[in-house]
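Please work through the exercises below with the sequence and the model side by side, trying each task before reading its solution.

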Amino acid sequence: MSLTVINGLPAHVLFVHFVIVLVPLSALALVVCAAWPGGARRLGLLLPVLALVTLASVPLATHAGEWLEQHVGSDPLVRKHAELGDGLLPWAAGLFVLSAAVWWTARRSAPAPDGTPGTAWSPSLLVRGAVVALALAVAVGAMVDVYRIGDSGAKAAWHDNYSKTATLNGG
């Protein structure tokens, strides 16, 4: 097993599923936790860890995709998919950085065990609003990018590779 071929299959077609699941999941968790600090406290360290795993999955899928690109015929659809795929890493990095900031802020502003307000720094309503808006922008951007990359990859993989009319088996 390598990072390019797994069990005889190009690893990219397997690794891409991590990206397809983890980017929207991280984006959703980030927006919920940015808007609801109690949710960030409940998720705790899971929020930045999820975003870190998401961030790590992107170069893994990209590396395997670059290998696959060199092992398929030259096709403009494949090139477009590869170009789009190269743009996801900054979005994933943004998800991670914001997730870490939201976690850290929620942790520092957590109420004391006796229920009294936290003595640590607590962000103002304006700062929280800005963080929510930024988290929403990065989350939407990341999910739109994943959709565009996935759509271009599906077109590259399936273009002219199936019959537009059904075939009848056994009859």
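Predicted model: local features only at pLDDT ≥ 70, side-chain atom pairs only at ≥ 80, totals over all residues.

Residues are numbered from 1 along each chain as its sequence is written, and side-chain values use heavy atoms, with hydrogens and water left out.

**Exercise 1. Helices α5 and α6**

Task: Work out how α5 and α6 are oriented to each other, and describe their contact.

Solution: Begin with the elements themselves, since helices (H or I, at least four residues) and strands (E, at least two) are DSSP runs numbered from the N terminus. Helix α5 covers residues 88–108 and helix α6 covers residues 125–158, and the two pack at an angle of about 150° with their axes 9 Å apart. Here axes are lines fitted to C-alpha atoms, for helices over the stretch in contact, and angles run from 0 to 180 degrees between N-to-C directions. Angles under 35 degrees count as roughly parallel, over 145 as roughly antiparallel, 65 to 115 as roughly perpendicular and the rest as oblique; α5 and α6 are therefore roughly antiparallel to each other.

Next, look at the residues that meet, taking contact to mean heavy atoms within 4.5 Å. On the α5 side they include Trp 91, Leu 95 and Leu 98, and on the α6 side they include Val 138, Asp 145 and Ile 149. By class, the residues of this contact of α5 with α6 divide into 14 nonpolar, two polar and one charged, where Ala, Val, Leu, Ile, Met, Phe, Trp, Tyr, Cys and Pro count as nonpolar, Asp, Glu, Lys and Arg as charged, and the others, Gly among them, as polar.

**Exercise 2. Helices α3 and α5**

Task: Determine the orientation of α3 to α5 and the make-up of their contact.

Solution: Helix α3, residues 46–70, packs with α5 at an angle of about 165°, with their axes 8 Å apart. That makes α3 roughly antiparallel to α5. Among the residues that make the contact are Leu 47, Leu 52 and Pro 59 of α3, together with Leu 89, Phe 96 and Trp 103 of α5. Sorted by class, the contact of α3 with α5 has 16 nonpolar, one polar and no charged residues.

**Exercise 3. Helix α1**

Solution: Buried residues in α1 include His 12, Phe 15 and Leu 22. Residues making the contact include Val 19 and Cys 33 of α1, and Leu 88 and Ser 99 of α5. The residues of the contact of α1 with α5 divide into ten nonpolar, two polar and no charged.

**Exercise 4. Asn 7 and Lys 80**

Task: Describe the backbone and setting of Asn 7, then those of Lys 80 in relation to Ile 149.

Solution: Most residues other than glycine have a negative phi. Phi of Asn 7, however, is near 55°, a positive value. Asn 7 lies in the loop between β1 (5–6) and β2 (9–10), and at 78% relative accessibility Asn 7 counts as exposed.

Lys 80 is found in helix α4 and is partly exposed, with a relative accessible area of 47%. The C-alpha atoms of Lys 80 and Ile 149 are separated by 8.8 Å, although these residues are 69 residues apart along the chain.

Note on methods:
Buried < 20%, exposed > 50% of the residue type's maximum accessible area, 1.4 Å probe, protein only.
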